[in-house]
Number of protein chains: 4
Amino acid sequence: MNYFIKEEQIRFRHTDFAGIVFYPRFLEMLNDLVEDWFDEALERPFSKIHETNGIPTVDLKVQFKNAARIGEVLTKKLWVKELKNSSVICGFHFINQDDKMVLEGEVTLVNVVISEDRKSIKSEAFNEETAKRITNYKL
Amino acid sequence: MNYFIKEEQIRFRHTDFAGIVFYPRFLEMLNDLVEDWFDEALERPFSKIHETNGIPTVDLKVQFKNAARIGEVLTKKLWVKELKNSSVICGFHFINQDDKMVLEGEVTLVNVVISEDRKSIKSEAFNEETAKRITNYKL
Amino acid sequence: MNYFIKEEQIRFRHTDFAGIVFYPRFLEMLNDLVEDWFDEALERPFSKIHETNGIPTVDLKVQFKNAARIGEVLTKKLWVKELKNSSVICGFHFINQDDKMVLEGEVTLVNVVISEDRKSIKSEAFNEETAKRITNYKL
Amino acid sequence: MNYFIKEEQIRFRHTDFAGIVFYPRFLEMLNDLVEDWFDEALERPFSKIHETNGIPTVDLKVQFKNAARIGEVLTKKLWVKELKNSSVICGFHFINQDDKMVLEGEVTLVNVVISEDRKSIKSEAFNEETAKRITNYKL
């Protein structure tokens, strides 16, 4: 069992009038984490996937615990809670340099096929190889 | 009891490579809905609030049910599930023109005071007037 | 000759740590203006265009004259400076409620065809109908 | 004389319906480049600056030459064209892995002081140390 771990620095573009990260920007950071996991750990880079497939998010639960400010470097952790046939439930944590939890949550991703005219989207089982790689991150 | 209701059109800037709304953009739309609710229904416009106060999101649960595409007009609904001393739990729905649920969820907002140097953030009870207006949206 | 005119309210999501609009957000507002122009005035809604075509921006010049703050309503104006075979140079102004210029500039848009596999992009002449509608906005 | 150089990978969040980077996202990448330059080369990290000062963009000229797609790594270069008392004109290039120019342009940044109530913004001369560091990047 492993965590998938990446760091990300808080940027001016993430912050809002209150001087802290605007929460939809945290979800862009989460999307980057998922993208890196597919690319680096699952060997399914989004640059290839998105010609015919996609990994939409269908369920998201987040608790925002502490504010994050420009210049801080967050450690983003992701792990697998449950692997189903065509979907995976991942847990995640963003932790700051003082070891405080910035946010924690759970996200459900679905493996889908996109029709050639890009008008219909259908779930599809993960292939065996990908499923095996995913289970390496099962906590 | 009332729903607070706004419409929003899906824009090019909301969509991603898969031709559908990138989900962090939905949360920007949700933030706009909360902003409009504070401005139009609670008489606490964000332009005034953010000099000394804020309404951070501390908890978010969303289920993404159907994709949304450029040009579609979504009806965004918000209501109150529970009003506490310094926080409020709101339910929300985004529905498309075919009356399909695009997403539904629950968001917890906290009323806070921001210190003058903007370095500390502290929760504070809603004032009586605001609390009363909030309860108009209790389902 | 006409201006194409839309209003847009400054939102929390547009602002940054300095309490004013983060400038890439102004360009999202400009993109919305172009999108509305194509939809409402040129009868080429982006929802149709983007199945096979696109209107990429190839040149942009902006002067940011005054800051814009949350709650302000900007008047966005667009007009045509020059129509070429497959491209159009538009001027634009964003003006605030005190009639101050927030920004002004010039943007060049190109009419393109996107190949079915979406890997190649080629410029194409505007059709006659669209060209005629565009010239209505020539200053 | 030096270029200030950083790399950035194109992410899913940068792309639009046409499968290429949505141009306001390029300007977020440019803002990151300026932010890194101030932090790493000029020793004026935005996390410190923005308590009392800012570096707003007042003029921007960009030519978008080639599309950029998810997974590509761009090399972002910045240099100084002209240093004035309280402003600096920088040139910039974004180049892809095939050595093709993705975009090039010129941005004018102004050094400003923000009043304590954050309601007024005034230009101010760069201090000597910062001016000296800036000239290291003069082409």
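**Chat about the A–B interface**

Visitor: Which residue of chain A does Arg25(B) form a salt bridge with?

Guide: Arg25(B) pairs with Glu28(A), and their closest N and O atoms are 2.9 Å apart. A salt bridge here is a side-chain nitrogen of Lys or Arg within 4 Å of a carboxyl oxygen of Asp or Glu. This is a predicted model, where local features need pLDDT of at least 70, side-chain atom pairs count only at pLDDT 80 or more, and totals for chains, interfaces and linings use all residues. Side-chain values use heavy atoms, with hydrogens and water left out, residues are numbered from 1 along each chain as its sequence is written, and chains are lettered from A in the order in which they are written.

Visitor: How many salt bridges cross the interface of chain B and chain A?

Guide: The rule finds 2.

Visitor: What does β3(B) join up with in chain A?

Guide: Strand β3 of chain A, residues 57–64, by 5 bridges, and the two run antiparallel. Gln63(A), for instance, stands opposite Asp59(B).

Visitor: New topic: how many residues does each chain bring to the contact?

Guide: Chain B gives 27 residues and chain A gives 27, with contact meaning heavy atoms within 4.5 Å.

Visitor: What ipTM does the predictor give the complex?

Guide: An ipTM of 0.93, with a pTM of 0.95.

Technical notes:
Pairing = 2+ DSSP bridges. Helix = DSSP H or I, 4+ residues; strand = E, 2+ residues; numbered from the N terminus.
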